[in-house]
Amino acid sequence: MKIINSKQIKEWDQLTIKHQNISSWDLMERAVLKLTENIVNDIPSKAPIIIFCGKGNNGGDGLGVARELEKLGYKTLIYILKSENYSEDNLKNQQLLSSNELHFFNLNEELQLPENSVIIDAIFGIGINQPLDDDWNSIFNQIEKSNPTQIISIDLPSGFIADLPMQKYFPCCKSNKTYTFQVPKLGLLFPENQIYTDEFILLDIGLEQNVSNEFETDYYFIQKNDIQKFLKKISKFSHKGTFGHTLIIGGSLGKIGSIVLTAKAALKTGSGLVTTYTPQCGLNILQTNLIESMSLVDDSEKQIEYFPEIKIYQGVAVGMGMGQHPTTDANFINWIKNQKQPLVIDADALNCLAKQKDCFTLIPQDSVLTPHPKELQRLIGEWENDFEKLEKVKKLAVFHQLTFIIKGFYTAVITSDGKTYFNSTGNWGMATAGSGDTLSGIIASLIGQGYNSSEASILGVYLHGLAGDFAVKKIHPHSLIASNISDFISEAYFYLDSNF
Ligand SMILES: NC(=O)C1=CN([C@@H]2O[C@H](COP(=O)(O)OP(=O)(O)OC[C@H]3O[C@@H](n4cnc5c(N)ncnc54)[C@H](OP(=O)(O)O)[C@@H]3O)[C@@H](O)[C@H]2O)[C@@H](O)CC1
Ligand SMILES: Nc1ncnc2c1ncn2[C@@H]1O[C@H](COP(=O)(O)OP(=O)(O)O)[C@@H](O)[C@H]1O
Ligand SMILES: [K+]
């Protein structure tokens, strides 16, 4: 699914109106009904509801929801911004409510808000592209002080600018949940913006799919149907050679577990063969814990000192649990300089590279780098905000022909053609030791199975998160450990095979 900016969404609204031969009011009514259908599941029937409405179409949505909720027997209190220029559909919705139900407010007003209400925030949506005036803080503070049981935003938390960096001092109505129309808004996917809403839920209001090709973007949100499009068909004549031979290089004394996790993930993702390369201390652990994998060992007991020849392998991951012994570091750099085939580079291999000047010139083209935020910062330095972070990484990905995976919630895959794919699967239970090692094994395995680096990264990140989502249906997120993720890759594949 494409992620487009606010201006493009407005064009999409207009094109939908034209192509579907409907009015702007009809489209708003669709939005209102979808919103109401979902909101009623969020609120206990007796809960007092306060709906804050602005003067544009976001406010129009709020007024429409008020009308529908009242029809269903909910008690609502409606506050609407005093204005001289309401949008047409906003006014029409006002007229459908009796005037004594509407409380018009000014920004400097003391409102008498009942405590413990559900607040519906329909003041601003995608219609703003600059910060609200500071005067709005008084309204948002009063909302917060009224101790609402929950705040539900329509389309965006009011004051949130979807396509530009937010500053902490910009006034914004922070909410528990946001129902956003049709497509995710870019800013909602950034970790730095998690303070504005706890979650967003997509509402399909039937914008015309046939015209969505017209919108150019470098950003995508990856869901099941996107993944299904590029899953490879499997021939019944396949043999283990068809599914590639994956090599996992890493581990050091006390950190061999990371290699067990990576190798297990590679096997569970479908590698035909998996070989590990560790220091000697890894041999017994690997052969005892993962009998399906084969082990090669370095001459050294505690850390890798000589890196292996990799030409015979189709997928290679390096760095997990590798440590940063000076000999390992120096020999890794000498080794990687001479490699030609794409690598999945993780953990200490990234830390080692980060110590080198112009480190990206040392990496073979089409490699995949999988940094968590701290590793990324070591590699590219500081960033002002998440927009700038993405731009910095995009430039590097294009210039050096690499794929970067910035891990976290909504993990971002930035490919060598400058596109960014945000992942939609995964949960906080996966914030556990070794979860990233598992991801590296999955991606190396997919490269070994013939996916290119971008496809393997997008699919790998999605599968990893999906396996984690299946895992937390059976295991509490607090108790989820990294090896559980691999145990549920099979469920993830079953889900991708299915058509529901
Ligand atoms: N058919 C459709 O299109 C559908 C649209 N839908 C809904 O419409 C929403 C978009 O509606 P919208 O375009 O009216 O914008 P909205 O967010 O209500 O705000 C506009 C108001 O804000 C004002 N304003 C702007 N900047 C400001 C600032 N910095 N500080 C203060 N004020 C500022 C601006 O004032 P102006 O500058 O024009 O005087 C204007 O009055 C969208 O998010 C979705 O909820 C759905 O119903 C689906 C169908
Ligand atoms: N809150 C979260 N939601 C979804 N996925 C998460 C969350 N926290 C971590 N993850 C995932 O878990 C993995 C953690 O990777 P990493 O930090 O490298 O772990 P480790 O180094 O312990 O293996 C990443 O794939 C990341 O996307
Ligand atoms: K809103």
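Reader: In which helix does Asn58 lie?
Author: This is a predicted model, in which local features need pLDDT of at least 70, side-chain atom pairs count only at pLDDT 80 or more, and totals for chains, interfaces and linings use all residues. Residues are numbered from 1 along each chain as its sequence is written, while chains are lettered from A and ligands numbered from 1 in the order in which they are written. Helices (DSSP runs of H or I, at least four residues) and strands (E, at least two) are numbered from the N terminus, and on that count Asn58 lies in helix 3 (residues 57–71).

Reader: Is Asn58 buried or exposed?
Author: A residue is buried if 20 or more other C-beta atoms, placed from the backbone, lie within 10 Å of its own, exposed if 12 or fewer, and partly exposed in between. Because Asn58 has 25 C-beta neighbours inside 10 Å, Asn58 counts as buried.

Reader: At which residues does UniProt place the feature "binding site"?
Author: UniProt positions are given in the numbering used here, with shortened feature names, and annotations may be inferred rather than shown by experiment. In an unreviewed entry, UniProt places this feature at Asn58, Asp121 and Ser158.

Reader: Why can these residues be said to gather at one spot?
Author: Along the sequence they span 101 residues.

Reader: Which residues is Asp121 in contact with, leaving aside its neighbours within four places in sequence?
Author: Asp121 sits in strand 4 (residues 118–122), and it is buried because 31 other C-beta atoms lie within 10 Å. Two residues are in contact if their C-beta atoms, placed from the backbone, lie within 7 Å, and by this test the partners of Asp121 are Phe52, Ile151, Ile152, Ser153, Ile154, Pro157, Ser158, Cys173 and Ser175.

Reader: What is the radius of gyration of the protein?
Author: The secondary structure of the protein comes to 16 helices and 17 strands. The radius of gyration is taken over C-alpha atoms, and the globule rule is 2.2 Å times the number of residues to the power 0.38. For 500 residues that rule gives 23 Å, and the protein is as compact as a globular protein of that length because its own value is close to this, at 26 Å.

Reader: Which helix gives the most to the shell around ligand 2?
Author: A residue is near a molecule or strand if its C-beta atom, placed from the backbone, lies within 6 Å of it. Of the 18 residues around ligand 2, those that come nearest are His372, Gly426, Ala431, Ser435 and Gly436. The helix that gives the most to this shell, with 4 residues, is helix 13 (residues 435–448).
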